[in-house]
Amino acid sequence: MKFRARVALAGLTSFLILGVGQATHVQAQQSTGRIVGKVIDASTGQAISTAQVAVIGTGQMVLSDLEGRYFLDDVPAGVHEVRASVLGYGPKSVTDVRVLAGESTPLDISLAQTAIEIEAITVTATMETGSTASLLDRQKNAVAVTEAVGQQEIARSPDSDAAEVASRVSAVTVAEGRYVYIRGLGERYSQTSLGGSPIPSPEPEKEVVPLDLFPAEFIESLTTQKTYTPDRPGEFSGGSVDIQNKEFPSEFTWKMSLGTSANSESQFQDGFLRYDGGGTDWLGSDDGTRAIPEVITDAGYGIGGSRLPRANADSLRVAGQEFAAKLPQFAPTAQTTPANIDVGGSVGDRTSLFGKDFGYFVAGNYGQKFTRRDVEFERKWRAEAFNPEFQENARPNVDYEFNRGLREVAWGGLANFSFLATPSNQFNLQAMYNRNTDDEARDYIGGNQEDLGGEVFSERLRFQERSMLWGQLSGKHDLESLSSRLDWRFSGAQASRDEPALRETVYTRSFGSTSPFTLNSDTGESGRYFYTDLTDDDFNGAVDWTWNFGGWSSAASIKVGGAFRSRSRDFAARRYRWNFTSGITSLDSVIANGTIVGTAPTNDMQLQLTDLVESGDRYNADESTYAGYGMVDLPIGSRLRAVFGARVEPYDLELTTPGTTSDSVVTLSDLSQTDVLPSLGLTYALNDAMNLRLAGSRTVDRPEFRELAPFQFTEASSLRQLRGNPELEIADIYSVDAKWEWFPRTGEVFSFGGFYKYLDRPIEQVFFAAASSLYSYQNAESGYLLGVEGSVRKRLDFNEFMSHFTLGGGFSVIESEVEVIPGSGFNPTNLTRPLQGQSPYTVNANLQWISTGGSTEIGLFYGIFGKRIEAAGGSGVPDIELEPRNALDLTLRQRIGSRASIKLKAENLLNEPYEWTQSQNGITRTQRYYEVGQTISLSLSYGG
């Protein structure tokens, strides 16, 4: 009910805002236009507020706001001169500014600092374009090593979500389509923030936030910071990704889009596995069809409740009848794979509220994607399979072939509001909701010589909902009398994952037998209903005060602040299972035609409902982090800039589970530590377009809730069993970076750098050579990471034809090593090996062509990463490694008239598979393999 109320409120808010925007929007007069842009500091790239911007000869003048933005309305059509001035900066006049009737003319103006009064500098509008406040300007003047992708580049790429956008940054790769790897390090070493605020993850088995939650249409910019500064959280580790949502535009704008796509392995082909769901599955939400029957929850035997009363046959019989009536299907059916669909819309405006500047941007999107995958297998090899003496007779212990049908539903909404109370005081309110749901039917068939001892056929029906609800209230205030600025933000977020009624069967028969498969009674997964519910609540805030002071060759500042983050997680799992006798060849048939009993079944047509309770099926986690920091940005001479400071972070985590009595609690893990995290960054300007950077810092990597919880469950995407380790410790990360940057012209950059990281007690995922394919987590002794990276963005305007091309990309080459420790049941195969999740190299490149006038855009995008360890091997079994995979995408965007555009995308043109291997003694075995096919998508957008 709460969820539906939120949806209704969001819809009503969007409707009202759209109505206000349309009511207050005034169409531009045929004889006038607008000039909009930013005023920035030429040396730092920072916004300049309260600058006077005037159109000479018209009497029109405005002040820039806190973000440096200005808006000059009702400017007569024609060619004008625009002048900008503010105390402490030399004035500048920009000539040849052409204003078209009914249109907006963008013009960013850069001002140079000066201690004395000087004559105004005069440049043409064309020349001033070379100093616009672009993302590369921010990168050039940033206090840390950063790279960013902006809205314009996102629109030209094939990217549909933040994960794909992040993969365009040098030394960044994306695993499983959603998890970011920075500089080849595993996803646990990356940090994600939204609007500068940390956000929780809805993934129970991973620490990282899945970036596929954030649609590309909502993103204004995505910035990757690779060196630490004290104003960032201490769990910086490998780097951070900050997503900035779109803010209000400079004028009224609206857009609608409609798209579809088809995959070579999926669409319009028979064999797509599915099952009967609920009436709201198209919304990615279960309507109660999969819920535990009310008679069971009302009696206190639901998720998180008591065990079924095994001594009460009548209660068990009634509970079983309820499950049989509500959830009778375990076996999927097949159909033709449907087409995919995507729709979206947005509206925004800059208008007036109480006589003050007010802006809003509201957007929403919805998509359904259907995937059929029938070329997939997974195997388990014993250590003997890598012994050359047994090579010819080696067979996998487990060898399964899979068939999957997956329906993915993704939808969400975004609302941003900005209110400029005065030119020096701005307030922002942002809200976002995203839901991603995987609805899967799967079966596999193959041999198991390990724990089942025969041929196996298994079916699974799975519905997994992931959602993120986020809101932020923030303020920015220029304190002119104190030569300082105050920034504050408070955010609340809830990430949740609900998995109702995962149903699974395991049928077996003897090797070589031609008799039917029968339902196996020796495995807990056979004939079960599995429920999990996870909720992560996150509340955090920060206050930053920056004081600018003089007496140096250029502007200097001191930044101090404080932050807090309070996070809690509630997790519960519940397993119900049919008790049966051997001989069942179809569980669905027995549920439909047999008898539900309350006592142990006596024949193949009887079923009894029981439950399985495992330790750790419920846990609660509470985490609190407080921080205070100070950071100095100090120019030393005319070319050297030093940024240094430290952050102090007290941290506490407690992980508990209910005890054996109703009011008892067992503490599984208790971490408490205060860290002092210093950093130093030096930037030397070799000239006006070239920087040399050096940086050093200490950060930490803390274990995630799931990594600490000592219970075992099956990973959703494979057969792997995961178990936490409550003995994990906090790891320390020491980093040194060096980087050279050259910005020869606007929109161009060349960079090359090196980095070294020393990891003390890094947390690694390890593999136990057990019958259940068990994986867990462990602190290694130590590790290091040594690498180089580079990036380029270059306009290829050597002649008229080539002037339409732009080349971009990045690379990294990385060496790593970790020393592991035997213990806790883990006997490592290799005591020294590369870091788990680290790639030895990454490459991404793109070539874009834009026609004169920009009506046609074509882009070619390529990416690859080197072989990396997914899980470290034990007991003589080699490490499991993900093989390199070439990815090539093509996009074409064509504007049609002034309002419409069409976009064509071709993804995975090379159609290379995903493959995991294990290698030892010159012998390589494939552990897992699947193909995803090629995808063609077409979308049409219309707006103005």
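Two strands are said to pair if DSSP finds at least two bridges between them. Strands themselves (E, at least two residues), like helices (H or I, at least four), are DSSP runs numbered from the N terminus. The structure described here is a predicted model, in which local features need pLDDT of at least 70 and side-chain atom pairs count only at pLDDT 80 or more, while totals for chains, interfaces and linings use all residues. Residues are numbered from 1 along each chain as its sequence is written, and side-chain values use heavy atoms, with hydrogens and water left out.

Buried means under 20% relative accessible area, exposed means over 50%, and partly exposed lies in between (1.4 Å probe, protein chains only). Strand E44 (residues 841-850) runs antiparallel to E45 and is joined to it by nine bridges. Within this pairing, Asn846 has Phe861 of E45 as its bridge partner. The two strands make a hairpin with five residues between them, and Gly853 in the turn has a positive phi of about 90 degrees. E45 also pairs with strand E48 (residues 887-896), again in the antiparallel sense, over eight bridges. Here Ile858 stands opposite Leu892 in E48. As a reminder, strands of a sheet pair through backbone hydrogen bonds, either parallel or antiparallel.

Lys867 lies in the loop between E45 and strand E46 (868-871), and Glu883 in the loop between strand E47 (880-882) and E48, so the pair ties together parts that are 16 residues apart in sequence. Lys867 counts as partly exposed because its relative accessibility is 30%, whereas Glu883, at 19%, counts as buried.

How many salt bridges does a search of the whole structure find? The search finds 55. One of them joins Asp374 and Arg372, with 2.8 Å from N to O. Asp374 counts as partly exposed because its relative accessibility is 33%, while Arg372 counts as buried at 12%. Another joins the side chains of Arg497 and Glu499, with 3.5 Å from N to O. Both Arg497 and Glu499 are buried. Salt bridges can also be linked into a network, and one such network includes Glu235, Arg647, Glu649, Asp675 and Arg698.

A negative patch is formed by Asp533, Asp537, Asp570, Asp622, Asp652, Glu654 and Asp670. Strand E27 (528-549) and strand E32 (640-658) are the elements that give two or more residues to this patch. Patches are made of residues with over 30% relative accessible area and no salt bridge, with like charges joined within 9 Å and nonpolar side chains (Val, Leu, Ile, Met, Phe, Trp, Tyr) within 5 Å. Lys and Arg count as positive and Asp and Glu as negative, with His and the chain ends not counted. The place of a charge is taken as NZ of Lys, CZ of Arg, CG of Asp or CD of Glu, and accessible areas come from the Shrake-Rupley method with a 1.4 Å probe. Asp533 lies in strand E27 and counts as partly exposed because its relative accessibility is 32%.

Further pairings can be traced elsewhere. Five strands form an open sheet of mixed pairing in the order E10-E15-E16-E13-E14. Its edge strands are E10 (146-150) and E14 (197-198), each of which pairs on one side only. Inside this sheet, strand E13 (residues 190-194) runs parallel to strand E16 (residues 239-245), and five bridges join them. Thr192 stands opposite Val241 in E16.

Strand E52 (residues 935-943) holds Ser939, which counts as partly exposed because its relative accessibility is 27%. The C-alpha atoms of Ser939 and Lys905 are 8.7 Å apart, although the two residues are separated by 34 residues along the chain. E52 has two antiparallel pairings to follow. With strand E17 (residues 253-263) there are nine bridges, and Asn263 has Thr935 of E52 as its bridge partner. With strand E49 (residues 900-907) there are eight bridges, and Leu904 stands opposite Leu938.

Conventions:
Salt bridge = Lys/Arg side-chain N within 4 Å of Asp/Glu carboxyl O.
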